[in-house]
Amino acid sequence: MRKLRDPIPFVCGTDYFEPNFFIEEGYKNTALATSDRQEIKIPQFQFNKERWLESILNRRSVRKFGKKAICQLDFLKILQILKEPIANKSDEDIEIYLVVNRVEEIEKGLYKNEQLIRAGDYSERAGYLCINQAIARDSAVTLFFVSNYQNYQTAVQLAGLIGQRLYLVSEYLGLNCSGIGAYYDDETQEFLGTEKDVIYAMAIGI
Ligand SMILES: Cc1cc2nc3c(=O)[nH]c(=O)nc-3n(C[C@H](O)[C@H](O)[C@H](O)COP(=O)(O)O)c2cc1C
């Protein structure tokens with residue numbers, strides 16, 4: 001490595017504001033979600049409180065996986081977490097597809113929730129779809145969240161909430177995890193066989 005001739009200038013990412021009419025209008029138009037739904041379902045988590053708190057404090061996004069398989073029990077725990085309701089009144093629905101790359105005693109392939117849609121090794125495909133990111137290829141499981149949302153803001157907030165649950169449960173189980181926001185939208189839809197918008201992806205593994 002060579003030393004730089006000049007020091008790198010410090011640039012603060014948040015000390016300036018650049019108004020953008022298009023973004024502001026879009027934000028305002030999607031800020032208010034309307035729903036008639038009254039019933040709020042409360043999730044039931046059974047975690048050791050202290051270890052859960054540690055998971056919150058220690059959670060980080062993984063930068064590289066060792067291409068190792070996770071055990072079936074951990075995978076089932078992840079599926080169970082995905083089924084837990086989110087206490088909110090919105091009508092938005094998030095569907096989750098899972099590309100299983102490396103899970104002990106679970107067939108590789110594309111799953112929708114717990115249902116195997118297509119068996120096969122789709123690890124290379126998942127990596128490509130996430131703009132050639134190795135984390136999506138080398139994971140144990142790569143997840144894609146899709147939605148036919150009415151309100152984009154609400155849908156991405158719900159996706160973020162599920163994502164944060166996955167981050168924390170991964171940390172709790174001793175697995176690694178990263179959110180993925182970069183993927184080819186159209187090709188991912190085609191691969192999943194859905195016309196719904198892909199709004200988030202995640203990779204979990206070790
Ligand atoms: C919505 C979202 C999208 C992300 N997309 C990517 C991605 O496409 N590729 C990647 O390597 N990391 C991605 N990340 C991970 C971020 O780089 C990481 O969260 C950020 O650097 C902060 O680090 P931390 O999660 O360890 O606190 C994403 C994270 C989130 C929450």
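This section describes the fold, the nonpolar core, the ligand shell and selected residues of a predicted model.

The protein comprises 7 helices and 6 strands, arranged along the sequence in the pattern α-α-α-β-β-β-α-α-β-α-β-α-β. Taken along the principal axes, its C-alpha atoms fill a box of roughly 60 × 50 × 40 Å. Among the 206 residues of the protein, 33% count as buried. Of the contacts with a separation of 6 or more, 76% are accounted for by residues 24 or more positions apart.

The largest nonpolar core contains 48 residues, and those with the most contacts inside it are Tyr97, Val141, Leu143, Phe145, Ala201, Met202 and Ile204. Helix α6 (residues 152-173) supplies the largest share of this core, 9 residues. When neighbours within four places in sequence are left aside, Met202 is in contact with Leu143, Gly163, Leu166, Cys177, Ser178, Gly179 and Ile180. Three of these partners, Ser178, Gly179 and Ile180, are also listed among the residues surrounding the ligand.

Strand β5 (residues 176-180) contributes the largest share of the shell, 3 residues.

Leu168 is likewise placed in helix α6. Leu168 has 19 other C-beta atoms within 10 Å and is therefore classed as partly exposed, since 20 or more would be required for a buried residue. Apart from its neighbours within four places in sequence, Leu168 is in contact with Ser55, Ile56 and Arg59. By contrast, a separation of 29 Å lies between the C-alpha atoms of Leu168 and Gly120, residues that are 48 positions apart along the chain.

Most residues other than glycine have a negative phi. Asn113, although not a glycine, has a positive phi of about 55°. Asn113 is located in the loop between β2 (109-112) and β3 (115-119), and its 12 other C-beta atoms within 10 Å make Asn113 exposed. A positive phi, of about 50°, is also found at Ile131, which is not a glycine. Ile131 occupies the loop between α4 (123-129) and α5 (134-138). Ile131 counts as exposed because it has 12 C-beta neighbours inside 10 Å, the limit for that class being 12 or fewer.

How values were computed: Residues are numbered from 1 along each chain as its sequence is written. This is a predicted model: local features need pLDDT of at least 70, side-chain atom pairs count only at pLDDT 80 or more; totals for chains, interfaces and linings use all residues. A residue is near a molecule or strand if its C-beta atom, placed from the backbone, lies within 6 Å of it. Helices (H or I, at least four residues) and strands (E, at least two) are DSSP runs, numbered from the N terminus. A nonpolar core is a set of buried Ala, Val, Leu, Ile, Met, Phe, Trp, Tyr and Cys residues joined through C-beta atoms within 7 Å. Two residues are in contact if their C-beta atoms, placed from the backbone, lie within 7 Å.
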